[in-house]
Amino acid sequence: MKGTYLGEFEELVLLTVGALYPEAYGVAIMDDIKSETGRSVNISAIHSAMRRLEDKGFVKSFMGGATNERGGRRKRYFELTSYGKKALDDAQSMRAKLYNRIPDISFGQS
Amino acid sequence: MSINRKISPPRLARRFLQLYCKSEFLEEIEGDVFELFERRVEESPAKAKLLFHWDVLRFFRLSNIKQIKKSNSNFIQMTRNNFKIAARVLWKQKTNTVLNVGSIAIGMACFILISLYVKQEVSFDKFHENGDRIYRTWSEEDYGEGQRFFYTSSPLPLAPTLEENIPEVEAITLVDYGNYLVGEGENRLNERIAMVSNNFFDVFSFELIKGNQANALGRNDIVLTESYALKYFGSDEPVGKTLTVQLGSEKVNYNVSAIIPDMPKNTGFQMNMIVSNEDMERFYSARAQQAWFNIGPETFVLLKENTAQDAVESKFPAMINSVLGDDIEEGQYVLGLQPLEDIHLNPDFPASAYPVGNPNYVYVLATIGLLVLIMACINYTTLSTGQSIRRAKEVGIRKVVGAQKGGLIWQYLSESILITACATLVGIGLAYALLPTFNHLAGTQIEIPVDAQSIAVYGLIVLFVGIATGIYPAFVLSNLKLIAIIRGGSSGGRGVGVLRKALIVFQLLLTIFLISGSLVMKQQLNFLQNSDVGYEKEAMVYLNMYPKDGSEGIFRQIDSGFENAEIIKAKLSQYPEVTDLGATMHIFGTPGWTTMGFRDLNDQFRQFHLVLTDPYFISGFGIEMVAGRDFDPNLEIDKRESILINESAAEYFFGTEDPVGKKLPGEEFGKHTIIGVTKDFNFQSLHTQVEPLVISQNSEPITQGISDLTFDSYPIPKVFFKYKGESLLGVQALLENVWAETFPNEELVFDFVDERLKLMYEDEARVNKIAGIATIISVLIASFGLLGLTILVVNTKVKEIGIRKVLGASPMTIMNILVRQFGIQLLLAFVISIPITWYIMNQWLSDFAYRIDVGIVVFLISGLLSFLLMLMVIAYHAIRASRINPVKALRVE
């Protein structure tokens with residue numbers, strides 16, 4: 001299995017999955033990324049990212065109930081696992097640690 | 001329900017998605033793309049459909065694609081496993097692998113290069129769209145008594161006659177060449193220009209890349225190849241520019257109408273400048289346009305589809321009879337067709353402008369290429385059969401756990417296929433690297449094509465060679481008796497050893513044969529180039545003269561050429577390094593001196609060659625006289641009516657009588673006297689015997705008496721001299737000086753006589769060089785094989801050698817044992833090679849009128865050479881084996 005490294009795009013997707021809980025599925029994640037960051041992503045990229053995240057154990061998934069939409073096809077919903085939450089926390093804290101070490105000098109005017 | 005709901009996603013894309021997508025992902029993926037589609041369709045159905053396609057395409061990723069077949073085929077699994085094992089085995093036995101890959105790679109490189117050359121030769125003009133319907137006409141006139149003329153050029157009235165009389169003819173195109181001065185003022189160049197019919201580009205499939213493609217050959221149009229466009233116009237746009245061509249006394253401005261790519265190497269139409277022959281009178285005299293017995297261009301006929309050659313040919317006699325009935329009797333003039341694709345390799349038809357190669361040489365080379373490849377294959381076969389002892393245990397274990405014979409065979413075959421594939425890759429690389437050397441040495445211009453077709457061919461070769469080399473070891477190994485292997489002891493029957501030895505003998509035989517063969521060829525070539533031709537050829541230089549402007553008729557042109565020659569001679573004679581000056585109509589090294597025929601007093605048809613010279617020809621070339629005297633420059637009568645003949649002519653015309661003071665035995669000849677007889681000198685190629693020759697200063701008395709005349713080589717006079725200076729560059733500088741002040745508008749063309757002579761044996765020299773390369777390669781391959789076998793033998797005899805040493809054998813004795821192993825085989829191969837080489841080389845030599853004998857020396861040299869080679873290859877390992885401490889060898893086990 002691949003390493004458990006969290007890539008930039010994966011992190012973004014993982015955050016979105018957490019934020020959308022309990023309604024996180026392919027198209028919703030794509031829409032959310034588009035509205036929050038302005039990044040338009042193809043749906044297939046979301047699917048591959050989700051599959052990688054699931055392989056790494058950051059998310060778990062289950063099939064939802066059938067609806068009238070989508071030609072009657074079910075949705076696959078994703079949820080953060082505690083391991084995934086921890087990975088996000090780690091990323092966050094590492095970022096904060098590094099961020100705080102930036103010396104307090106004023107930028108933009110030399 | 002809204003109307004929008006009725007629009008469903010494109011069916012094709014949906015089908016495609018269902019086709020490739022893994023079933024466990026299908027539902028969610030479909031769901032998501034459907035949802036997106038439903039959302040988008042509200043805005044624009046067309047865009048939604050487009051995006052739907054796009055999404056489906058984007059989902060087409062490896063992780064989503066179904067496995068094509070989930071079958072767990074044993075065959076495929078085992079093949080994969082086999083290749084893995086093969087790679088490990090090959091990696092483990094590095095020396096062996098290197099020797100095997102090396103020899104097959106070298107053999108393959110040689111094979112590829114030679115086969116490309118052969119392919120070029122056999123593919124001449126096979127690329128024309130209508131190629132199978134294009135024929136060239138030939139004519140044969142036979143008036144009995146050896147008065148027979150056979151030619152593939154044709155008279156000018158033939159084309160219109162064919163068009164009128166033969167309905168099956170779709171198109172006729174004439175092809176002819178002439179040398180004309182191109183350009184203006186100071187920089188005129190003598191170029192070979194093709195004169196063709198307007199429909200040339202319709203009949204033959206040559207591509208026009210620029211300019212007027214529909215009708216490139218108008219009256220005043222000229223078509224250039226890319227390289228000639230570059231030569232004349234540099235980077236400027238050539239189309240529309242003007243080129244001036246001097247045609248006889250007329251200067252014509254041609255307009256560049258179109259550009260073609262440079263002619264491919266495998267076409268007989270080597271043209272760089274092409275003009276239309278629509279204005280016949282520019283190129284041919286009015287008489288020639290009507291004359292049936294004056295030949296010029298080659299006539300190519302395109303027949304209508306589904307027309308048989310015989311059907312058309314059967315109509316020719318009636319046609320000939322209707323146009324020529326008054327002049328000839330029936331059957332004296334036969335017209336026929338020769339398929340275009342047959343011309344290049346058919347020496348039975350006389351050559352015209354279209355080059356004709358010697359098919360025998362092509363076959364010889366193809367055989368050599370194949371032999372080298374076979375030798376490389378034999379290496380692999382013998383080595384891996386020898387290795388079988390080592391592999392026996394592996395086979396035993398495999399058999400115990402239930403391997404089938406077929407499976408084992410397939411396993412060893414995959415090994416040989418793998419090794420051939422590696423070797424072929426290396427071989428192709430090698431061929432690429434050696435291509436320039438090969439082209440340079442062999443005087444060829446081949447390229448290695450990279451396209452799907454040739455890759456497929458390489459693949460097939462790999463498969464074929466892999467199976468051919470591996471099949472025998474595979475059978476040997478898989479046939480090993482299980483009990484014998486497990487018990488240990490000797491494996492493999494007696495038959496294996498015999499066949500292996502036979503293969504080695506065969507391989508050595510090929511090597512020795514190639515060595516002796518190329519030695520014989522080399523000797524014959526040296527003989528041809530160094531043999532006494534009867535005249536001085538060292539340091540003799542000649543330069544072409546030009547007729548004066550406006551001289552009409554071939555003999556007037558020749559005379560005016562002689563007049564120009566006098567001017568040049570006068571200037572050259574002032575230089576001390578120039579001696580033996582003279583002028584002649586034909587020079588040595590150009591075949592096809594003027595041939596003339598007449599009826600003698602007994603009404604017998606006689607043919608002889610004529611050369612017109614100045615009085616210094618005999619003395620200049622140091623030709624010996626056997627009777628009478630040479631021309632005297634001070635005698636006016638010699639200029640008018642004295643002639644010389646050679647010994648052959650003396651015997652041909654007069655038998656044993658003394659010809660001096662007599663006349664040629666014909667009624668119509670003008671006033672002339674034979675004043676001397678020269679010793680026979682070989683004015684043609686050494687392929688043929690010396691033929692009767694008449695030497696005269698004045699053409700008139702001779703031409704009056706003849707009934708026919710053939711010029712095969714350019715009859716305009718040449719000035720010749722012996723150059724005594726030191727450097728070759730000196731000649732060029734000297735001639736350029738003299739030429740520029742005498743004929744500033746003409747191109748200087750000069751050459752050395754011995755260089756020209758070498759060109760006459762170009763074909764032989766090329767074959768000899770390619771055969772030489774192949775010989776070196778075969779020696780290499782054979783040494784590789786011997787080296788591998790020596791290592792093998794040394795390894796299996798480690799104990800024997802150890803025991804012998806303990807008992808007091810000297811290193812020489814040990815060496816002796818090893819040498820004897822191969823010595824007998826080498827001796828056998830040598831003995832068998834003698835009759836084979838002798839027979840085959842004598843066949844080859846029978847092509848030459850003057851030839852060497854295949855002597856014993858050749859065999860001694862090649863035998864000694866191969867023996868020394870074997871010693872060299874064996875020596876290192878033999879010495880190492882004989883010096884090894886016997887304790888080490890015997891301690892094992």
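Mentor: Two strands pair if DSSP finds at least two bridges between them. Strands (E, at least two residues) and helices (H or I, at least four) are DSSP runs, numbered from the N terminus. This is a predicted model, in which local features need pLDDT of at least 70, side-chain atom pairs count only at pLDDT 80 or more, and totals for chains, interfaces and linings use all residues. Residues are numbered from 1 along each chain as its sequence is written, and chains are lettered from A in the order in which they are written.

Trainee: What makes S6(B) and strand S8 of chain B a pair?

Mentor: Pairing requires at least two bridges, and S6(B) has five with S8(B) (residues 250-260), in the parallel sense. Across from B:Leu224 stands B:Ile259 of S8(B).

Trainee: How do S6(B) and strand S9 of chain B run?

Mentor: S6(B) and S9(B) (residues 273-276) run antiparallel, joined by three bridges. B:Ile222 has B:Val275 as its bridge partner there.

Trainee: Why is strand S6 of chain B called largely enclosed?

Mentor: A residue is buried if 20 or more other C-beta atoms, placed from the backbone, lie within 10 Å of its own, exposed if 12 or fewer, and partly exposed in between. Five of the five residues of S6(B) (residues 221-225) are buried, so the strand is largely enclosed by the rest of the structure. One side holds B:Asp221, B:Val223 and B:Thr225, the other B:Ile222 and B:Leu224, and both faces are covered.

Trainee: How many residues of chain A are in contact with chain B?

Mentor: With contact meaning C-beta atoms, placed from the backbone, within 7 Å, 15 residues of chain A are in contact with 15 of chain B. H3(A) (43-56) gives the most to that side of chain A, with five residues.

Methods: Two residues are in contact if their C-beta atoms, placed from the backbone, lie within 7 Å.
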